[in-house]
Each structure stands twice: as structure tokens, then as C-alpha cells.
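Here are my notes on the structure. Please read them with the coordinates open.

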Amino acid sequence: MAGETLITVVGNLTADPEMRFTANGAAVANFTIASTPKTFDRQTNEFKDGEPLFLRSSVWREQAENVAETLTKGMRVIAQGYLKKRSYDKDGEKRTVYELEVQEVGPALRFASAKVTRTQRSGGGGNRGPQQSSQQSAPQQSQNQSWQSPAPGHDPWSSNANANGGWGNPSNDEPAF
């Protein structure tokens with residue numbers, strides 16, 4: 001999107017994402033990210049919280065469903081998207097709000113860990129090959145995806161790493177990451 005303001009926000013969810021569907025069936029998940037800047041106070045030799053920013057955010061379609069299944073209140077997230085300004089009238093008073101139209105979002109791993117499970121796509125563009133179903137059991141999934149360490153002395157980043165038993169699944173062209 002040319003001319004749009006792309007920002008990245010790191011913060012915590014103030015509540016579980018709210019999942020809704022439009023009249024034509026498109027999924028949308030809404031949530032608020034609270035981001036509080038920290039500044040170092042040299043007099044007390046401590047970090048102090050600044051003024052928090054509460055940024056209402058929305059994500060659409062399949063990604064919305066993934067967000068609603070994955071993210072919960074209090075989780076620290078990293079979200080990137082387009083900052084949108086919206087004006088409206090309420091009780092004769094004009095109001096303006098800023099919202100984040102999320103393009104990418106995920107858990108922040110600074111103080112947490114996550115196990116990523118691929119979901120099966122239900123059509124649309126951008127499909128890059130076979131996807132794993134989120135309903136498969138963990139042992140089946142790890143077998144089918146063939147995530148493995150490279151052999152000693154083997155360069156996993158070489159162009160023929162999959163053919164030589166490196167990372168990834170040699171049965172398709174999809175990268176391991």
C-alpha cells in the first residue's frame with residue numbers, strides 16, 4: 001500500500017481477541033495492544049514506566065481465526081501493520097481514533113516460548129504447497145514435516161541442502177522455515 005504508515009508495535013494484549021464475522025462471512029479479530037515505554041531514571045537508578053499507549057487492532061480472514069485460537073489476554077505480542085485514522089460523530093461531537101490494521105502478528109519470545117503449528121489453507125492465492133492440518137497429533141506432524149538437524153560438516157544453507165538430507169522436507173520445494 002503506497003503512502004500508508006507502516007508501524008511495528010510491541011506490547012501486551014489487554015483482553016482475549018474478539019472474533020466476529022462480516023455479513024459476507026469474512027472473519028475479523030479485534031484486540032487492543034497496550035505498549036508502555038520504559039525510561040531509565042538516573043537519580044533512582046531504576047526503570048520507570050511512561051505513559052501507556054492503547055492501540056485498537058484488527059486482523060482479517062484466516063489470520064483472524066489463527067489469532068483468536070492462539071493469542072490470549074496478557075500475552076506479549078509483536079504486531080506490524082498500517083496505522084489508520086478514523087473519524088466519526090458521537091452525540092454531535094466529532095471524534096478521531098487511530099487503529100492498527102494488522103498485517104503480521106505473533107507472540108514475542110523475549111520472555112516466553114512458543115510451539116508453532118501450521119494450519120491448512122482453505123484456498124485463495126499464495127498457496128505454497130501442502131500444508132499440515134492443525135488437527136494432526138504432534139508425533140504425526142513432526143514426522144510429516146521432517147524437521148531435523150543437518151549432518152555434521154553439512155551446510156544447510158547451500159542450494160542443494162534438501163537433496164543432501166539437510167533441513168526441511170525434500171518432498172516439496174518449501175523451505176524449512
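1. A cut-off comes before the details. A residue counts as buried under 20% relative accessible area, as exposed over 50%, and as partly exposed in between. With 58%, Phe-47 is therefore exposed. Phe-40 has a relative accessible area of 42%, so this residue is partly exposed. Keep in mind that the model is predicted.

2. What does a search of the whole structure find in the way of aromatic pairs? It finds one. The partners are Phe-40 and Phe-47, and their geometry is edge-to-face. The centres are 5.1 Å apart, with 65 degrees between the planes.

3. The largest nonpolar core has 16 residues. Phe-31, Ile-33, Val-59, Val-67 and Val-105 touch the most other members. At least two residues each come from β1 (5-13), β3 (27-35), β6 (53-60), α1 (61-70), β7 (76-90) and β8 (93-107). β3 gives the largest share, four residues. In general, nonpolar side chains tend to be buried together in soluble globular proteins.

4. Val-59 deserves a look. Leaving aside residues up to four places away in sequence, Val-59 touches Ala-27, Val-28, Ala-29 and Phe-31, and also Ala-64, Val-67 and Val-102.

5. Is β3 mostly covered or mostly open? Covered: nine of its nine residues are buried. This holds for both faces. One side carries Ala-27, Ala-29, Phe-31, Ile-33 and Ser-35. The other carries Val-28, Asn-30, Thr-32 and Ala-34.

6. Next, the pairing of β3. β1 and β3 run antiparallel and are joined by two bridges. Here Asn-12 stands opposite Ala-34. β3 also pairs with β6, again in the antiparallel sense, over eight bridges. In that pairing, Phe-31 faces Ser-57 of β6.

7. The remaining point concerns β2 (residues 18-21). β2 pairs with β3 over four bridges, in the antiparallel sense. Met-19 has Ala-29 as its bridge partner in β3. The two strands form a hairpin with five residues between them. Which residue in the turn has a positive phi? Gly-25 does, at about 90 degrees.

Key. Residues numbered from 1 in each chain as written. Predicted model: local features only at pLDDT ≥ 70, side-chain atom pairs only at ≥ 80, totals over all residues. Heavy atoms only, no water. Core = buried A, V, L, I, M, F, W, Y, C linked by side-chain atoms within 4.5 Å. Buried < 20%, exposed > 50% of the residue type's maximum accessible area, 1.4 Å probe, protein only. Contact = heavy atoms within 4.5 Å. Phe/Tyr/Trp six-rings, centres within 6.5 Å; stacked < 30°, edge-to-face > 60°. Pairing = 2+ DSSP bridges.
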